[in-house]
Amino acid sequence: MPENMSIHHLISRTARPLRGTITVPGDKSISHRALIMGALAVGQSRISGLLEGEDVLNTARAMSAMGADISRAENGDWLVHGVGVGGLCAPQGVLDMGNSGTGARLILGLVSTYPMRTVFTGDSSLTSRPMKRVTIPLEKFGAEFHGADGMTLPLAVSGILDPVPVDYEVPVPSAQVKSAILLAALNTPGETTVTERTPTRDHTERLFRHFGVPMEITIQDSTTIITVTGQPELVARDMAVPADPSSAAFPVVAALITPGSDVTIENIGLNPARTGLYHTLKDMGADISFLNERLECGEPVADIRVRYSALTGINVPEARAASMIDEYPVLAVAAAFATGKTVMRGIGELRVKESDRIAAMVAGLRACGVAVLEHDDGMTITGGPQVTGGAMIKTRLDHRIAMSFLTLGMATVTPVTIDDGRVIETSFPGFGALMNGLGADIGDIS
Ligand code: S3P
């Protein structure tokens with residue numbers, strides 16, 4: 001999203017009961033990885049259901065700049081002609097990853113083990129996010145990074161001709177860090193091992209398996225050890241991207257808080273490392289059912305039916321944090337309408353997402369009349385069935401903050417306004433229209 005596009009205020013007024021069946025866009029995490037893997041395989045991979053949000057389009061541009069041939073077919077599928085592992089070429093110019101931490105960190109990993117210089121930048125949100133968490137392990141392969149002291153973007157990477165395999169334990173629960181190392185391992189001879197103490201989303205591993213990358217995974221208690229043998233020859237494979245459970249979270253919570261609602265959302269990816277929100281909402285009393293459960297391209301998928309429910313506050317188990325890390329903003333919206341206290345701790349990582357999401361939710365909810373206690377590593381919300389609303393929310397270049405407050409406004413006494421809706425394009429193009437089709441009332445104000 002170009003930051004010079006004009007500011008776009010949006011208002012969310014009280015919704016009618018939300019009713020209908022919808023499909024939300026493709027999974028963002030899987031879409032990035034599908035493009036990258038297609039670009040590393042020889043031949044043409046066809047991707048259906050790809051998210052056409054700005055974050056993913058930036059990854060497509062980056063992979064094209066390094067030699068992959070990527071195009072959109074007439075039926076909406078994406079076609080990727082890959083160059084093979086080891087076949088990427090140095091891009092002309094800077095790779096601008098826009099708002100996307102996933103795109104930036106994954107591709108930083110990928111290029112580290114290619115003998116070329118690559119420069120990365122991003123918008124004002126991305127350039128303030130920590131990159132040391134990936135540069136530290138990637139330096140162990142032999143890559144060098146040149147940037148500002150704190151290792152934030154813009155960063156220049158001098159990749160290495162003869163990378164050495166690495167054995168690394170990821171110190172923070174992060175699928176981006178794990179995936180950066182796994183992608184660096186692909187062009188590294190020998191065996192690279194990544195250990196994670198807390199399970200995080202495993203889409204990279206599932207796609208590696210789909211493409212036949214030699215890999216061993218052992219799981220003991222909650223520790224996962226992944227060993228990849230580098231420099232495989234990958235052959236093109238078709239991929240079907242399920243709908244994004246993190247995007248589905250908005251209509252799910254909207255239906256739960258808007259009286260009279262009954263909504264079905266189709267084809268949602270339900271990878272167990274992503275479903276924490278749904279378990280938590282059920283613990284709060286939500287009427288949610290999973291229909292038509294199936295497996296597609298190695299990922300579990302189902303339709304979700306959700307009906308308006310009287311919610312009760314709970315203590316959200318900290319052990320669930322990694323499996324719902326992107327859903328805390330919208331969970332906070334559900335908590336505002338839940339009777340009693342909802343305690344969310346162990347989520348300090350939220351402070352280094354597209355914005356400081358704890359600070360953004362605390363400020364926005366308080367402005368809407370909700371009682372919130374801020375902790376270093378989380379927040380406690382005391383909710384109830386009536387929420388005042390009426391505030392203008394600062395979205396801080398953060399799509400999930402923007403959509404969370406538009407969701408809140410569907411059930412508040414007074415409408416909620418956000419200061420900038422453009423950033424929603426990064427992950428959920430068409431959000432307003434889709435919600436309005438169900439009965440919401442989201443519109444522009446000039
Ligand atoms: C993602 C991992 C998570 C998540 C992000 C997507 C991924 O980030 O918040 O939206 O696709 O690997 P961290 O790895 O920083 O936890």
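On a 1 Å grid over the protein atoms alone, a pocket is an open set of points where a 1.4 Å probe fits, with protein on both sides within 12 Å along at least five of seven lines. A molecule sits in a pocket if more than half of its atoms lie within 2 Å of its grid points. By that rule, the ligand here sits in the largest pocket.

This is a predicted model, in which local features need pLDDT of at least 70, side-chain atom pairs count only at pLDDT 80 or more, and totals for chains, interfaces and linings use all residues. Residues are numbered from 1 along each chain as its sequence is written, and side-chain values use heavy atoms, leaving out hydrogens and water.

**Around the ligand**

- The shell (residues with a heavy atom within 4 Å of the ligand) includes Ser29, Arg33, Thr102, Arg105 and Arg201.
- Domain 1 (10-26 + 242-444) and domain 2 (28-240) each supply at least three shell residues; the bounds come from an automatic or database domain assignment.

**Polar contacts** (pairs of N or O atoms within 3.5 Å)

- The side chain of Asp326 has an N or O atom 2.6 Å from an oxygen atom of the ligand.
- For Ser29, the side-chain distance to a ligand oxygen is 2.7 Å, and for Lys353 it is 2.7 Å.
- The protein covers 95% of the 380 Å² of accessible area that the ligand has on its own, by the Shrake-Rupley method with a 1.4 Å probe.

**Backbone features**

- Most residues other than glycine have a negative phi, and most peptide bonds are trans.
- Leu153 and Pro154 are joined by a cis peptide bond, with omega about 0 degrees, and Pro154 lies in the loop between β8 (144-147) and β9 (155-158).
- Gln231 has a positive phi, near 60 degrees, and lies in the loop between β13 (223-229) and β14 (239-240).

How values were computed. Polar contact = N/O pair within 3.5 Å; in protein donor to acceptor, adjacent residues only side chain to side chain. 1 Å grid on protein atoms, 1.4 Å probe; cavity = no way out; pocket = protein on both sides within 12 Å on 5 of 7 lines; lining within 4 Å. Helix = DSSP H or I, 4+ residues; strand = E, 2+ residues; numbered from the N terminus.
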